[in-house]
Every structure is written in C-alpha cells, then in structure tokens.
Amino acid sequence: MFAEGQDPVPAVAARLSLPGTLATSYDFSGTNEARFTLSSQVDAGTTKSATIVLNRAALAGKVADLANVTPTELGQAISAQIGASGADGLMGKVQVGIGVNGNLFFESTGYTDYGFDGAPGGDGVNADTIYAAGGTVRTLSVTNAPLSGTGQNAVDIGNGTDLPPGANVQAVVDAYLQQSLESDAGAQDTGVRLALYFARKAPGLNTGYDILSDPALTQVVNTVIGLPATSSATTSDALTVRANLISSKVDFASFQDPAKVEAFARRFAAIWDAQNNTATDPILALFSNGQG
C-alpha cells in the first residue's frame, strides 16, 4: 500500500550480467565467432528475441581492426544488432553495457510505439504498444546459438561456449540439407536455386560490393530493388556507383535476422514468379509453406 499522496515507485528494470569477464581484445579476422540469442519477456504473454552474430562478416567495416576487436566495439556491435532486430525484435526494449567488472550486461528498457498514426490510442495499425521496463513478468535471458557454419570456431565473450545438446550436429545437418535442396530444386527451377542460395549467403553480406562480386546474388538483389543488369557497369567508377546504390537500398544489418532474410527471399520469389509467368508459386512454397 502507498500512503495518500505518495507516488508508486516503478519496478526496476530486469538486468542480466554474463558471468565471464571480457578479454582485452578479440580476433575476428578468421573463423572465430560468438553467436547467441538474447530474449526478453516483455509482458505476460509476449517474448521478444534477437540473434546476435559476432564474426568477420558481421563486424567487417564496423570495427577498427578485425584482429583486435575491443569490448567497447563488441558492445556497439551488439547494440546495433539489437536495433536492427526491429519492432518485432528487441529494438528499444533492451540495452547492452559493460559492467565495472569488465563483463557484458543487458538491461530491459521501457518501450512505447503509438502505431502508424503516432498518436496515443487507436485500433489496428494505429494501436499502441507499451511495455514497461520492469515488473514481475519482465525477464532477460541469453542462450548460445549454433554457429553459422561448420568451419566456425566458438569464442567465449563471457557466457562460455557450450551450445545446447546437439546444436553442432544440427548445424551440420541444416547445412547439408540446404545445399542439397539448392542443387535438387535448382535443376528444375532457376528461381528456386537463386532464392535458396541468397538465403544461405545473406548473413555474410555487408556491402554492395559483396553483392556485385557474386552474379547469383546480384541477380536476386537487382530483381528485388528493381535495378537493370550490371553488364554496363564495367569501370571502377561505375561499379562504385552501383555498389553505393545497392548499399543505400538494402539493409544489410537486417540479414542477421532469419525472418528478415526469409522476407527478402520471399519478395524476390514473388517478383521472379511474376516476371517469368510462373503458373504457381514453387519458390514461395519453400518459405513458410508459401504463407504471406
């Protein structure tokens, strides 16, 4: 009970500190990788999450030296990926920091979205979404995720490197099935092969040059953003212009989120099927059973 005239004290935010102390620096110039899922229960029936990937592809161009990535740079990279997870993820709901003991910590934050109209109240697309920073149901958790490839080497950034039982085995199986599906489906439908190939490569893409260096990826991205073929972009200056144009139209950070990779691949699939007069939607059927 609160005395008359006394304001209630808001519940404190949830806070989770990783048990291990960060090293002075980390080498992500090769196959080293830290990959984990950060989750927060935001209300009684809703949990939001984001998968954080720290490796050469994810950090390239975002740190001063891939061979000597500092704790501060790690924190900045994690914060950027939290933001890139969007409203359906942890954007605005969790912040990251480095404690006095040199360990990573995460803290829940309040979140308010007034919907499409930007005004309090409303229904449908204009409905408000409000999550308190604390409370009895607000939680935080970190779970190590399977590495992005069989050649990656797990790095401890304070939470150990033990993965859930069978995670490494599952990563190998997933990689085998993905490549097999690409090969089998591609023999029948070029669009299917391109969509699956893009979905496999997307998490490692960071710039327009990454796209232009691969003809298959170039075809997928050109199709989605409506660019003509790059056959005329033969000079260094022309390639630079094209790379910058692609970078301005493609949110590479979002490719760390599997759901957003799928959305991009599905968009390509729909355009490809329309342009090639496909009677049905064989590509879309490979993603979420063709659901919108």
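A: What follows describes helix α2 and then the sheet on which α2 packs.

The model is predicted. The protein has 292 residues, of which 38% are buried, and its secondary structure comes to 8 helices and 9 strands. Of the contacts between residues at least 6 apart in sequence, 59% join residues at least 24 apart.

Helix α2 runs over residues 71-84. With 14 residues at 1.5 Å a residue, α2 should span 20 Å, and the 20 Å between its end C-alpha atoms agrees with this. Just after the helix comes Gly 86, whose phi is positive, at about 80°.

The buried residues of α2 are Pro 71, Glu 73, Leu 74, Gly 75, Ala 77, Ile 78, Gln 81, Ile 82 and Ala 84. As background to such a pattern, residues three or four places apart in an α-helix point the same way, because there are 3.6 residues a turn. Among the buried positions here are Leu 74, Ile 78 and Ile 82. The cover over the buried residues of α2 includes strands β2 (32-43), β3 (46-54), β4 (94-98) and β5 (104-108). Helices α1 (56-59) and α8 (258-275) also contribute to that cover.

Two of these covering strands, β4 and β5, belong to an open sheet of 3 strands, ordered β1-β5-β4 with antiparallel pairing. From one strand to the next, the twist averages 20°. α2 packs on this sheet and touches both β4 and β5; the direction of α2 makes about 175° with that of β4.

The pairing within the sheet can be followed strand by strand. β1 and β5 are joined in the antiparallel sense over 3 bridges, and Leu 16 has Phe 106 of β5 as its bridge partner. β4 and β5 pair, also in the antiparallel sense, over 5 bridges, with Ile 98 opposite Leu 104 of β5. These two strands form a hairpin, with 5 residues between them. In the turn, Gly 102 has a positive phi of about 80°.

Note on methods
Residues are numbered from 1 along each chain as its sequence is written. This is a predicted model: local features need pLDDT of at least 70, side-chain atom pairs count only at pLDDT 80 or more; totals for chains, interfaces and linings use all residues. Side-chain values use heavy atoms; hydrogens and water are left out. Helices (H or I, at least four residues) and strands (E, at least two) are DSSP runs, numbered from the N terminus. The expected span of a helix is 1.5 Å times one less than its number of residues. Buried means under 20% relative accessible area, exposed over 50%, partly exposed in between (1.4 Å probe, protein chains only). Contact means heavy atoms within 4.5 Å. Two strands pair if DSSP finds at least two bridges between them. Axes are lines fitted to C-alpha atoms, for helices over the stretch in contact, and angles run from 0 to 180 degrees between N-to-C directions.
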